[in-house]
Amino acid sequence: MRGPGLDKLAKLVDVVHEPWIDQSPLRLYDGAALAQRLEAEGADIAIVEADFVSGPVFELPLLAVAATRGDPNNVDVAAATAAGVPVLRTPGRNADAVAELAVGLLLAVIRRILPADDDVRQIEVFRDGTIPYQRFRGWELAGRRAAIVGYGAVGRALEWRLRGLGMDVVAYDPYVEDAGHDLEAAVSGADVVSLHAAVTPETVGFFGPEQFSWMRPGSVFLNTARAKLADMDALVAALESGHLVGAALDHSEGEQLPAGHPLLAMDNVVLTPHIGGATTETEARGAQMVADDIERLLNGEMPLYIVNPEVLGGTRA
């Protein structure tokens, strides 16, 4: 957390600020350790990013728990609700950051920026008697078709950016009224498919061999959401067959691929370790959203981004 939101929070309440991201080695509390720390500080409100909020935490007299993330899956919401503790979240705080990274990954793949950079660094610009124009010829985004799968905050943020680059963009999301509801129709013939769906029982591995086959030959696959959404074996097969010209992933199970994984040897694949939301603006935006909602809560108002409004006498949207 940083910026005006953190300053505002400090005016509303006494703040003990200990960013988990600054810990080396990384430290994440489990429920018992977090409860102990909260009790030692005499805290009424817990604000976390990735610490686990569960068990004995809800035996404490908390006014609220806030998770600076869109999906507070590190918080036991059922236990919080049973204890009458409001749970706040920060949806869309990283939408612009993730969308911008998706554009960067796409350009890196189709223009082969990383292997070109590597040749320059290795003094191999004229590798094997060829010229860079021969080895790194790509294609332009303008006039191409992109399918955005998952039309939430990130999907919408990516859409206007791709349109600004001259792409024809379609969106698929069965839960959003102004998006398409036919995945095959959205993906068929797409030059670029970018995943932005949430992980649910219905979406785990939902993009597999059949879905990859719908994409246009020579197309690019992007996943800046979660690794569990796509069948990795199917992705490898689509790349090895040449059906896909490239791919970029910002997430792997455990944030890293195992040694010897086929994707690690492919120079038409760009891999980043879940850094989509890693911007100072994301942190400032999340801090502002939390501070504003805590202010509402302290003023007896309904927070905008509450997960369990029933604890305050409200109803779920």
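**Strands and their partners**

Mentor: S7, helix H10 (residues 232–240) and S8 make a right-handed β-α-β unit, where right-handed says that, with the strands pointing away from the viewer, the path from the first strand over the helix to the second runs clockwise. Helices (H or I, at least four residues) and strands (E, at least two) are DSSP runs, numbered from the N terminus. This is a predicted model, in which local features need pLDDT of at least 70, side-chain atom pairs count only at pLDDT 80 or more, and totals for chains, interfaces and linings use all residues. Residues are numbered from 1 along each chain as its sequence is written, and side-chain values use heavy atoms, with hydrogens and water left out.

Trainee: Over how many bridges do S7 and S8 pair?

Mentor: Two strands count as paired if DSSP finds at least two bridges between them. Strand S7 (residues 219–223) has Ser219 opposite Leu244 in S8. The two strands pair in the parallel sense, and the number of bridges is 5.

Trainee: How many of the residues of S8 are buried?

Mentor: Buried means under 20% relative accessible area, with a 1.4 Å probe and protein chains only. Strand S8 (residues 244–249) is mostly covered, and of its 6 residues the buried ones number 5.

Trainee: In S2, what is the bridge partner of Ile45?

Mentor: S1, S2 and S3 form an open sheet in the order S1-S2-S3, with parallel pairing. Strand S2 (residues 64–67) is joined to S1 by 4 bridges. In S2, the bridge partner of Ile45 is Ala64.

Key
Buried < 20%, exposed > 50% of the residue type's maximum accessible area, 1.4 Å probe, protein only.
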